[in-house]
Amino acid sequence: MFKYYGKYAPYLFLLPAGLVLLVFFFIPFFQTFFLSFFDYSASIYQPTFAGIENYVKLFQSPIFYKVLWNTFVYLFVAVPILAIFPLFIAILINQKIRGVTLYKILIYLPVIVSIVVAAIAFKWLYADQGILNFLVTSLGFQKIGWLTDPNWALYSVIIVTIWKGVGYYMIIYLAALMSVPKELYEACDIDGANFLTKHLTVTIPHIMPTIALVTTISAISAMKVFAEIYVMTKGGPLNSSKTIVYYIYERAFENLDLGYASAMAVVLLVIVMAFSLVNILCFEKNKYNL
Amino acid sequence: MKKFIEKFSIHAVLILVSLLSIFPFIWLISTSLKGAGENIFAYPPTIIPKDFTWANYTGVWHKVDFIGYFVNSMIVAGGTVFLNLILSAMAGYPLARMEFKGKKIAFFSILATIMIPFQAIMLPVYLITLKLHLVDSVNNFAGFIGMIMPFAVSAFGIFLMRQAFLGIPREMEEAAIVDGCSIWQLFTKVLMPMVKPSLAVLAIFTFIGSWGEFLWPSIVLTKESMYTLPVGVNNLQGMFSSNWRFIAAGSILATIPILIFFLAMQRYFISGENEGAVKG
């Protein structure tokens, strides 16, 4: 094929996007590491070189371990539920039934509504004299301090994240279910297999790559939760619902401890990049034609 | 008979899940319609308001500049969509069709940005935005630019457009060049119209993402007149501390635009053709 473009054309086409990515992605990326070696606690205008001091402080801080632990609790609770429950719903919707579009719209609704509105709606459900505590007390239990009891706050916030994610992953699963050959289900029906065996033997093995994909992307987004916590608990009570991103935000923008916050951000970067690498190399290769 | 029981139980489960999905909103709507004469903490709770009123809506409407928040959100989301379409298409095209030195490097650098969460680099992004004077304390225009620029292009968009250009037959380009098109004319007049479906998908998902963005505007914004809807809604909590009727009414008001958008565009979201398009 003849070459129809000038020598510089490809670079000119890439230039605008390249500039934006350079200024708002690559420079900040390296600056995060750079900042983590400076001490801003005395003055944010005159930082002093601190070596690895921020990291030492970080790894000696009990709050850091608390925050890390909370983030992993988030992962271990939210990710399995978000990998399995939406699949179950997708399988149900995929049966030949009426009203599929309506169900899909209603279940997808939480995905498009602003997380701030969702968090406010749940805050109202979780109110001390709110409707959830009415349910709990009418079942004969003690009232629960959904957002005020350190034993509950983190889980109350996780519920919001799960509630907001179900519809999103359901749609991903529905797309995957379309690729399962219908003949296999027909064979199951002839053999008289029940609902459970049918899906355990045919559906699940067939869409295993999608299950793995949903697991990693929900893990990555669980690492990044912020708004739910900001609106509902501000990380409290007693740091019980504080996760990595909220902690970075608090240290950087409220305490102006830029070095320490950056060291924390480096920890987040390392974890998320590890997850993402697995995701891209194992599950999304085709998407990028690698 | 067995079929009937099966269908019945499937519907039962789906109705339950649908109800759980919308119940938080229903309860918010219910609260927003209850007048001062009704105890919103009443046990047992009532869904249908006894003392029905629109007063909370008019009340919150007069105290909060929803139109202003809405316009700000439109400017930010509109600007973000506009830049994403142009920058992603421009960057996607050479990656799909041209051979040049450094193509591999460009490709993998863009791919690498997928792995970098904004939350981890937001602090330096903020410092750079300050340095470039792209904040609302300079002037409103700078404030809007500052809210838009960090999200002006994404690897997702670039790869989506690259994929779209890969699907166009090469003969189209050859014919256009033979007809005397320059490369820029070829791109804007011939190719861009051919990738409209992908541009639409990119526009819709960028719009939703930008419309709901909360973290970045809450970091950069200093003036209330610049608030976008999510920031404004969060602010309701402070304004009306424990007046849940007003907070509920305000939250519902702020949700109406995106709800209309979703219902109008629902096939893009729930058809499954664009799986995984929203950023997590």
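In the predicted model examined here, Leu256(A) lies in the loop between α12 and α13 (258-282) of chain A, where helices (H or I, at least four residues) and strands (E, at least two) are DSSP runs numbered from the N terminus. Leu256(A) has a positive phi of about 55° although it is not a glycine, and, with 13 C-beta neighbours inside 10 Å, Leu256(A) counts as partly exposed. A residue is termed buried if 20 or more other C-beta atoms lie within 10 Å of its own, exposed if 12 or fewer, and partly exposed in between, with C-beta atoms placed from the backbone. This is a predicted model, in which local features need pLDDT of at least 70 and side-chain atom pairs count only at pLDDT 80 or more, whereas totals for chains, interfaces and linings use all residues. Residues are numbered from 1 along each chain as its sequence is written, while chains are lettered from A and ligands numbered from 1 in the order in which they are written.

A positive phi, of about 60°, is also found at Asn239(A), which is not a glycine. Asn239(A) is placed in the loop between α11 (227-232) and α12 (244-254) of chain A, and its 18 C-beta neighbours inside 10 Å make it partly exposed. In chain B, the peptide bond from Tyr43(B) to Pro44(B) is cis, with omega near -10°, and Pro44(B) belongs to the loop between α1 and α2 (55-63) of chain B. Most residues other than glycine have a negative phi, and most peptide bonds are trans.

Chain B contains 14 helices and zero strands. The C-alpha trace of chain B spans about 75 × 70 × 35 Å along its principal axes, and 43% of the 280 residues of chain B count as buried. Of the contacts in chain B with a separation of 6 or more, 71% join residues 24 or more positions apart, two residues being in contact if their C-beta atoms, placed from the backbone, lie within 7 Å.

The domain assignment of chain B gives domain 1 (27-63 + 244-280) and domain 2 (67-239), with bounds that come from an automatic or database domain assignment. The C-alpha centres of these two domains of chain B lie 30 Å apart, and 12 residues of domain 1 of chain B are in contact with 13 residues of domain 2 of chain B. Helix α13 (residues 244-264) of chain B gives the most to the domain 1 side of this contact, with six residues.

Between the chains, the contact takes 76 residues from chain B and 79 residues from chain A. Helix α1 (residues 2-32) of chain B supplies 14 residues, the largest share of the side of chain B that touches chain A. That side of chain B divides into 57 nonpolar, 15 polar and four charged residues, where Ala, Val, Leu, Ile, Met, Phe, Trp, Tyr, Cys and Pro count as nonpolar, Asp, Glu, Lys and Arg as charged, and the others, Gly among them, as polar.

The largest nonpolar core has 166 residues, of which Ala119(A), Ile248(A), Met264(A) and Leu268(A) touch the most other members; such a core is a set of buried Ala, Val, Leu, Ile, Met, Phe, Trp, Tyr and Cys residues joined through C-beta atoms within 7 Å.
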